[in-house]
Amino acid sequence: MISRCLKASLLWLLLWCSLTPAFAEDRITEDKIAEITVEGNRYIETAAILAKVRSKVGEDISRKTISRDVRHLFATGYFSDVYTEGEQTENGIRLIFVVVENPVIANVTFEGNDAISNKKIRALLKMKPGLVLSPRVEREDKNSIRKKYLDKGYYQSEVVIQTKTLEDGRMDVVIKITEGAVTRAKEIRFIGNEHFTNEELTETLASRAEGLGSWFTDSDVFNRRRFEADAQMLQQFYLEHGYMDARVESTRLMLTPNMDGFYLALSIFEGQPFSISGIELQGDIIPSREKLMEKVTLEVGDLYAISKLRSSIEGMSELVGDEGFAFVNVTPSFRRDIEKNTVAVVFDIEKGSEVYVRRIEITGHAKTQDHVVRRELRQHEGERYSAGHVRRSKERLRRLSFMKDVRLSKTQTETANLVDLNLDVEEGKSGSFSAGITYSQTYGTGLTGKISEKNLFGGGYTADVSADVGGAVNNYSVGLVNPYFIREDVSASASLFRSQTDPQSFVAYKQDSQGGAVGLGFALSEYARYSVNYRVTNTTLELAPNTQPADVSLSIKSQIGAFATGEFTQSLSYDTRNRVLYPSQGGIQSVSLGYAGLTGDQKFYELDISSSNYMELSDVWTLRAAWSAAAIQGYGGAD
């Protein structure tokens, strides 16, 4: 840097002397810029360089402007050196920007990285083939790689960047990484805890001390962000158990001398637990005190719990919001009795103005058609605002398998009683393709494939095509579902299928079934649904060659020949799941009654009952409790 400054000073002295002695404080008053040129550039276009230059032809020479031009060219990172020269011409000064380009990258390779793949490291880099390599880029990329390794617990990692100049002036870059060992949490200590044991507090943390169990989850690998979150989780634990004054006063880290582990410490101020002595409401009591109190989950005599406080605020806010008050504000205040360790909670309700929804703006749906999103909304334009309808609208959109995320915000308009809703949706992957090879001792070797699309043509249609071929089994199926057939609360489905089974070397028969099904579904309420389905199947079953009837069971004998089955099914379901894929809350209960005999040869009744319920245990774990039962009974002499 010093040498560059000296060079720049000498060049300016030469320029000063060569141009004219008639300098003012900032400029040469008698000479103007006649021409601006660039020398020394091979890869960077002259026009791109001049675009960064503020000096203009026809203007007076200005030391400040040229100095700024040099700094801006340096700031691009394309050049290792930049300086100016001047030549006197008949028309004025020919200003020359002399640049020394940084080399262009030919290839970037990696050595020594096992924990992080080349693809993931390459995504972090600014060094890419065809771009310019500068010291700043090298420094930033080294820091990015180092940070990535720190996030994975590698505190001993080192990154060295080596370069090799090629004959054409370009440069090969080799990034050598020494990963070292993973740095783990050796021990987690708590200071100041009197009411809870170390074991109880440890259970609230995401971090774990080094141990046999932690190796399976890597929870003992030190992560600074996770440890910072642990402090917040610990405070939330105390607030959930009545300790309103609890706080984590400090956190400490001590790295072992060989840098293979950390000792973690959290200093806690616990205070005393407070119980609820009373609950009061004040402000805008809407719709009624009784209904508002039903939303309060805190109870007198219980310990204060922050989760119940939040759920009470959310419940009351939604209840008041259902009356058209979009900007309701529920603020809790506390009256403590320090001697008795009790607290009275006062909820102050400020309803704001009653508003109507003027417009709902939807963004983010690149593939999905606008009406597919709007038909899921329960809050409509022109209607009075309802917090419950807004919440249910978001739930319904999140239930769509091709929606990844939904965000909704409110914007006040220039009219006091009108509000705009901004709905930003993030689409997920709606299609899938799978293929594979199967092997079974019974059915032999086969090929399997399936193509599924949950948002066909952006219209919300579901289409599936699958096939299993080869070996002793050939299965084919195609299906289409329109979730909004005719009207929004009626769905329709249709499918065709064929199944051929010929495992002659293992069992004494072969079977060929083909058919189709159609169905309709009707929404009875926001959560209840009734559906009907009719399925027709034509089946041919025959004994395998060289098989004697005496060698097969009575069940097989009774089905030899060709027969048809026409089954009419009615189903009733109640679905409160928050998502169809990977639900974490709610459940689905269903009962189905099938009747075969209107057409075909088979006559039977079939009953199916099932129940699945989900409870979110954490951000990672969800408990699913499920059961099902089924029964089938022939009639009219059929067994």
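1. A word on rings to start: two rings of Phe, Tyr or Trp count as a pair if their centres lie within 6.5 Å. With that in hand, look at Phe196, Phe237, Tyr238 and Tyr243, which ring pairs link into a cluster. Please keep in mind as you read on that this is a predicted model. By the same rule, the count comes to 14 aromatic pairs.

2. Two of the pairs are worth a visit. A pair of aromatic rings is described by the distance of the centres and the angle of the planes. Tyr149 and Tyr154 sit 5.6 Å apart, centre to centre, with 85° between the planes, and the pair is edge-to-face. Tyr149 is buried, at a relative accessible area of 0%, and Tyr154 is buried too, at 14%. In the pair of Phe522 and Tyr530, the planes are at 25° and the ring centres 6.4 Å apart, so this pair is stacked. Phe522 has a relative accessible area of 30%, so it is partly exposed, and Tyr530 is also partly exposed, at 25%.

3. Next, the largest nonpolar core. In soluble globular proteins, nonpolar side chains tend to be buried together. The core here has 24 residues, and those that touch the most other members are Leu292, Leu298, Leu309, Met316, Val330, Phe347 and Ile349. Strands β11 (275-283) and β13 (342-350) and helix α9 (306-321) each give two or more residues to this core. Helix α9 gives the most, with six residues.

4. Is Leu319 buried or exposed? Its relative accessible area is 15%, and because the cut-off for buried is under 20%, Leu319 counts as buried. Not counting residues up to four places away in sequence, Leu319 touches Pro287, Lys291, Leu292 and Lys295. Lys295 is 24 residues from Leu319 along the chain, yet their C-alpha atoms are separated by 8.2 Å.

5. Now for the empty space. Rolling a probe the size of a water molecule over the atoms shows where such space is left.

6. The largest pocket holds about 1,300 Å³ of space. Its lining has 41 residues, and Arg399, Val481, Pro483, Ser491 and Arg529 lie nearest the centre. The classes here are 16 nonpolar, 12 polar and 13 charged residues. Which elements each supply at least two residues of the pocket lining? They are helix α11 and the strands β20 (473-482), β21 (490-501), β22 (509-523), β23 (528-543) and β24 (561-575). Strand β21 gives the largest share, five residues.

Terms used: Residues numbered from 1 in each chain as written. Predicted model: local features only at pLDDT ≥ 70, side-chain atom pairs only at ≥ 80, totals over all residues. Heavy atoms only, no water. 1 Å grid on protein atoms, 1.4 Å probe; cavity = no way out; pocket = protein on both sides within 12 Å on 5 of 7 lines; lining within 4 Å. Points joined across faces, edges and corners; volume = space filled by probe spheres on them. Helix = DSSP H or I, 4+ residues; strand = E, 2+ residues; numbered from the N terminus. Nonpolar A, V, L, I, M, F, W, Y, C, P; charged D, E, K, R; others polar. Core = buried A, V, L, I, M, F, W, Y, C linked by side-chain atoms within 4.5 Å. Buried < 20%, exposed > 50% of the residue type's maximum accessible area, 1.4 Å probe, protein only. Phe/Tyr/Trp six-rings, centres within 6.5 Å; stacked < 30°, edge-to-face > 60°. Contact = heavy atoms within 4.5 Å.
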